[in-house]
Amino acid sequence: MTDDPKQQTPAEGLDALFAKWNRMDEPGLVVGVAHRGAVIYRRGFGMASLESGLVNTPKTRMRIGSTTKHFTCLAALLLAEEGKLDIDAGIRTYIPELPAFDPDPTLRQLMNHTGGLRCFIDLAMYSSGISAIPDGGALDFMVRQHDRNFAPGDEMIYCNGGYFLLSLAIERVSGLSFEAFLKERIFLPLGMTDTVAHSSDLELLSGMATLHNAAADGSFTRGIFPVRIKGEGSIVSTIDDMLGWIRHLRAADHRVGGAETWRQMLTRPRYNSGTESNYCLGLSREFYRGIETIHHAGGVMGGQSQMLTVPDHELDIIIMANRSGTDPSGLALKIIDILLADALDPLSAKVEGTVGEAVAGRYHGARSHLLYGLSVTDGKLGFSLSNSPAMPLTAGADGAFALSIPGMGDFVIRANDPVEGKSRSIVVDYCGRQEAAERLPDEPPETAAAADGFVGRYDGPDQGAGATVTLVDGHLRLALQGQYGRTVYKLMPVSRDVFAGMADDPLLPLPLSITAHRTGGQVDLFWIDTGRTRHLQFTRL
Amino acid sequence: MTEDQPQDPVTALDALFARWNRSDEPGLVVGVAHRGKVIYRRGFGLASFESGLANTPKTRMRIASTTKHFAALACLLLAEDGKLDIDASIRTYVPELPALEPEPTLRQLMNHTGGYRCPTDMSFGLGEMTSQDSLDGMVRQTGVNFPAGEQMMYSNGGYELLSLAIERASGQGFAQFLAERIFQPLGMLDTLVASTDRELVPGIATLHLPSPAGGFVRGYLSGESRGSGGIVSTVDDMLIWLAHLRSAKHRVGSEASWAQMLTMTRYANGTVGTYCLGLERETYRGVQTVHHAGGLMGGACQMLTVPAEALDIIIITNRVDGGVNPSAQAEAIVDLLLAEVLAPPEPKIEQDTIARHLGRYYVARTHMLYGLLDSNLFGVPDGAGKLGFSLCNTPGIPVYPMADGAFGMKLSGMAQYVIRPGAAKDGKTQSLDIQYCGSHETALRLPDTPPEPAVAAAGLPGRYYCNDMDATATVTFAQDEILMDVRGGSGHVAYRLNPLTAEVFRANGTDPMLPLIASLAVERANGEAQTLWFDTGRTRHLRFTRL
């Protein structure tokens with residue numbers, strides 16, 4: 001083996017890429033690659049379990065997380081082929097207990113995350129932390145909503161709850177459990193005999209890797225998500241099964257699902273604005289260095305995955321990790337770099353947005369209540385949504401800045417001309433929909449001043465949570481008592497009525513923003529916004 | 001092999017455990033030493049349904065509550081160093097605890113006579129308990145189960161407080177203290193404290209609970225457990241430990257410390273119980289045994305030694321179904337190996353059902369609900385027709401006859417109950433005298449026919465708060481069913497309330513995977529319930545007040 005990448009065989013190149021996980025004191029990952037019809041690489045790295053002492057092998061079963069989603073879409077389409085399900089019908093056709101919003105999101109909109117319904121996982125996590133949700137609790141969350149994130153088709157917000165509803169519709173229409181339907185209709189016909197929908201980390205499956213959460217000090221703890229999951233992310237598979245699946249996915253003729261079904265699976269939807277989304281039915285279609293890829297990633301507590309295919313080059317990649325912190329999506333792109341070097345466009349230098357201080361600041365969305373942050377670090381412009389960590393912006397056309405957040409639509413941000421060296425407002429274009437956001441004061445008010453009239457107890461029926469705002473020793477805090485647990489947030493005033501919050505738990509640092517509504521100085525209601533949940537209303541008790 | 005040829009011990013032990021010698025289900029590990037020699041060390045079944053690895057003598061297993069006497073010894077080691085006084089109040093070391101007179105000493109927490117309520121018991125179904133949550137739960141108590149020293153009630157929370165005292169007195173973590181002061185000096189190199197099931201321990205068996213849908217689910221407790229049950233060990237290490245425990249000269253712990261470890265508890269009224277410091281001393285077929293069992297989600301353990309015969313037994317399981325019962329199987333090993341020195345087995349006489357005694361009995365002053373029931377505990381045929389004793393709505397636990405028409409009931413980790421039926425009227429016993437730890441109370445028969453739910457539910461629906469549990473209860477009445485939903489820190493438990501009278505209810509958790517049991521007493525004013533008293537086997541007099 002040589003260190004010169006040009007003289008390495010592809011297998012040597014891949015071995016080098018994954019060498020850092022080739023060790024027996026840490027969990028790792030499994031990798032499968034097929035190229036032009038031949039499986040050229042299948043290897044396990046690291047330990048399948050720090051408990052058992054078994055190593056990862058190509059036969060090790062791993063969770064693929066959200067890479068499950070397109071299987072769920074296909075399952076729904078198989079029922080549509082039989083005339084049992086209409087994926088352009090409203091979801092209430094199948095789950096009438098859901099609240100009546102107008103219009104009702106269609107199954108297809110839930111599949112491409114444009115349905116606009118709030119997600120039970122986000123609602124539960126923000127109020128109860130990572131807590132067990134009993135069976136039935138997920139639907140209860142979806143049913144108790146009085147409002148939604150947006151009208152169907154307006155925007156895209158990744159929504160696991162939508163896929164939970166799709167699973168329920170599949171069960172009701174087919175009369176089979178989601179797990180049994182996938183087994184009978186997809187896994188067995190395709191010979192994916194090691195693949196199962198496995199809905200709980202508390203149930204034991206032979207040959208499955210232990211999930212490992214990496215801690216900052218280099219140690220690992222067991223990854224357990226104590227919530228039963230279905231079509232949003234429950235599949236367990238092997239690299240051999242997944243390579244068989246990807247080959248079938250990009251085949252001209254499909255053994256499972258008709259040609260029209262598969263055309264729909266890979267059709268880019270359009271938002272109401274007419275802008276096209278690259279998120280199809282549980283699958284993303286994107287260009288990388290001039291070639292088109294189809295892919296979907298997954299993440300669970302203590303595990304990650306990326307499935308990617310380059311149909312034009314018959315290159316199929318599956319990476320599944322039984323630990324956090326491996327970046328399978330980035331690794332899949334590096335495999336493309338190694339194997340398709342000759343066919344790829346040059347790596348375009350990533351132009352990051354650089355701009356003076358004019359645009360830096362906090363802005364408040366007039367329509368959405370969202371808190372937008374623009375910050376400059378090392379001369380690079382970053383974008384933050386509802387107090388999230390800043391994400392780098394790239395320079396777009398006409399002095400605009402662009403950002404693509406996985407699982408969301410594209411953002412384009414335009415700053416208006418500065419007055420006295422500061423932009424007074426920005427225009428945020430999201431999914432082809434614009435809103436103006438006014439600059440908030442650069443100097444936030446004193447905490448005590450902003451807390452005046454805010455402290456007290458509130459009820460948030462959509463979250464099924466009680467909220468208590470307190471000011472103790474100068475610290476403003478929001479405590480949410482949810483259905484299944486409790487969370488506490490530190491609140492920092494950004495203006496008198498806008499607050500940036502961060503969960504007071506280093507293991508689960510959830511960001512949020514709050515917009516307060518005052519009557520006569522007293523806050524009578526406020527809204528919480530998170531990355532995946534919008535204008536969640538709390539009313540003073 | 002023929003039946004009249006005596007089996008060698010190994011063959012006999014193999015036969016005892018043969019039913020778990022299979023490769024498709026979890027099982028157990030067994031170690032036996034006799035007269036200074038390890039004569040048996042074997043694993044049976046799968047260490048993990050997930051990995052497919054087999055149980056071996058090297059498999060690490062959770063010993064659960066068998067941890068407790070290690071925690072007691074750790075306190076005594078610090079006492080030898082002059083850093084801890086085990087007869088001082090626990091508030092000397094954990095001053096944030098509420099001042100509830102009399103304050104329990106560390107020794108009383110060790111023998112479960114401290115009387116503090118146990119946050120673990122109160123939190124069942126309400127979510128995970130970190131050590132901090134457990135302490136917070138202790139700190140908020142305004143009442144106790146009983147005054148310190150008066151009786152015995154098994155308390156995991158007491159051992160968590162001891163763990164905290166050990167950490168504060170030693171300046172070390174509990175796990176580190178045990179490793180440095182006990183495990184390493186004795187060469188127990190595979191033994192450690194792993195306080196949550198989130199920790200990954202190389203070589204540990206997976207814990208298995210039977211799934212109602214068939215197969216197994218992971219036994220998983222996300223809460224923290226240190227001195228109450230955090231130790232992971234192997235049969236080899238536990239045999240080392242047992243040999244040391246019963247030795248005449250100890251390498252860890254002074255002889256004075258070990259004398260205290262094995263001193264039986266004397267309650268305030270002078271009665272003596274079998275529980276020592278995290279260890280029990282009992283006589284079995286004429287031989288003295290020292291033992292302690294353990295149980296957790298998906299596993300169980302029994303450690304037993306017969307010091308006079310130098311017989312040491314450790315059995316640890318990674319399942320709880322399929323007939324595993326380490327305490328009974330340890331006794332079966334004693335039967336096999338000490339056949340020649342044992343007294344004839346005392347026939348285990350379970351009291352036949354006596355129809356006139358059957359019924360529920362209640363003490364209004366203490367809200368204690370007792371019962372004499374048919375003890376067909378698990379629907380097994382041979383359990384039918386036997387009299388069982390119930391407290392706080394538990395199923396009937398078989399009783400044995402004692403002198404003068406009384407009955408006894410004794411479970412591991414409890415003192416003995418003596419139940420003496422009073423006079424009968426119309427062919428029904430009207431009262432029971434209940435004696436526990438030397439103190440008495442009289443329970444009066446409740447009517448055999450309960451009131452209609454609608455009658456019993458009158459004035460009951462509404463919301464209540466319990467400070468000591470930090471939980472809100474919502475009582476509803478619909479479709480002839482009274483439900484009590486208890487919502488605490490991070491979860492909730494629904495109980496079905498079954499009336500016995502309009503004032504006394506049996507409370508049964510509705511989750512079949514967590515069949516919690518309690519009794520409830522209602523106090524009304526002007527027809528509306530104002531106070532609910534909630535009692536369980538290990539928690540007494542929890543007061544819910546109407547909001």
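# Strand pairing, ring pairs and salt bridges

In chain A, strand E14 (residues 380-385) pairs with strand E15 in the antiparallel sense, over 2 bridges. The structure described here is a predicted model. In this strand pair, A:Gly382 has A:Pro392 of E15(A) as its bridge partner.

## Sheets

The E14 and E15 strands of chain A belong to an open sheet of 9 strands. Read across the sheet, the order is E15-E14-E13-E12-E22-E21-E18-E17-E16, and the pairing is antiparallel. Its edges are strand E15 (391-392) and strand E16 (394-395) of chain A, each of which pairs on one side only.

Chain B contains an open sheet of 3 strands, again with antiparallel pairing, in the order E3-E7-E4. Here the edge strands, pairing on one side only, are strand E3 (61-62) and strand E4 (192-193) of chain B. Strand E7 of chain B (residues 231-233) runs antiparallel to E3(B) and is joined to it by 2 bridges. Within E7(B), B:Ser233 is the bridge partner of B:Met61.

## Chain B as a whole

Chain B has 11 helices and 30 strands. Its radius of gyration is 24 Å, close to the 24 Å given by the globule rule for 547 residues, so chain B is as compact as a globular protein of that length. The C-alpha trace of chain B spans about 70 × 60 × 50 Å along its principal axes. Of its 547 residues, 55% count as buried. Among contacts in chain B with a separation of 6 or more, 57% come from residues 24 or more positions apart.

## Aromatic pairs

Over all chains, the structure holds 29 aromatic pairs. One of them joins A:Phe71 and A:Phe187: the ring centres are 5.9 Å apart and the planes meet at 65°, over the 60 degrees needed, so the pair is edge-to-face. A:Phe71 lies in helix H2 (residues 69-81) of chain A and A:Phe187 in helix H7 (residues 178-187) of chain A, so this contact ties together parts that are 116 residues apart in sequence. A:Phe71 has a relative accessible area of 0% and is buried. A:Phe187, at 1% relative accessibility, counts as buried too.

A:Phe71 also pairs with A:Trp245, and that pair is stacked, with 4.2 Å from centre to centre and 25° between the planes. Because A:Phe71 is in helix H2 of chain A and A:Trp245 in helix H8 (residues 239-249) of chain A, the pair ties together parts that are 174 residues apart in sequence. Both A:Phe71 and A:Trp245 are buried.

Elsewhere in chain A, ring pairs link A:Phe454, A:Tyr458, A:Phe499, A:Phe526 and A:Phe538 into a cluster.

Rings also take part in contacts with charged side chains. The charged end of A:Lys69 is placed over the ring of A:Tyr163, 5.5 Å from the ring centre. In chain B, the charged end of B:Lys68 sits over the ring of B:Tyr159, 5.6 Å from its centre.

## Salt bridges

The count of salt bridges over all chains is 61. The table gives examples.

| A:Arg433 | A:Asp154 | 3.2 Å |

The salt bridge between A:Arg433 and A:Asp154 links distant parts of the chain, 279 residues apart. A:Arg433 is in strand E22 (residues 433-439) of chain A, while A:Asp154 is in the loop between helix H5 (137-143) and helix H6 (160-174) of chain A. A:Arg433 counts as partly exposed at 24% relative accessibility, whereas A:Asp154 is buried, with a relative accessible area of 15%.

B:Arg22 counts as partly exposed, at 37% relative accessibility. B:Arg22 and B:Glu25 are part of a network of salt bridges that also includes B:Asp24, B:Arg319 and B:Asp321.

B:Arg181 lies in helix H7 (residues 174-183) of chain B and B:Asp81 in the loop between helix H2 (68-80) and helix H3 (106-110) of chain B, so the pair ties together parts that are 100 residues apart in sequence. B:Arg181 is partly exposed at 28% relative accessibility, and B:Asp81 is partly exposed with a relative accessible area of 37%.

Conventions. Residues are numbered from 1 along each chain as its sequence is written. Chains are lettered from A and ligands numbered from 1 in the order in which they are written. This is a predicted model: local features need pLDDT of at least 70, side-chain atom pairs count only at pLDDT 80 or more; totals for chains, interfaces and linings use all residues. Side-chain values use heavy atoms; hydrogens and water are left out. Rings of Phe, Tyr and Trp (its six-membered ring) pair if their centres lie within 6.5 Å; planes under 30 degrees apart count as stacked, over 60 as edge-to-face and the rest as tilted. Helices (H or I, at least four residues) and strands (E, at least two) are DSSP runs, numbered from the N terminus. Buried means under 20% relative accessible area, exposed over 50%, partly exposed in between (1.4 Å probe, protein chains only). A charge sits over a ring if NZ of Lys or CZ of Arg is within 6 Å of the ring centre and within 35 degrees of the ring normal. A salt bridge is a side-chain nitrogen of Lys or Arg within 4 Å of a carboxyl oxygen of Asp or Glu. Two strands pair if DSSP finds at least two bridges between them. The radius of gyration is taken over C-alpha atoms; the globule rule is 2.2 Å times the number of residues to the power 0.38. Contact means heavy atoms within 4.5 Å.
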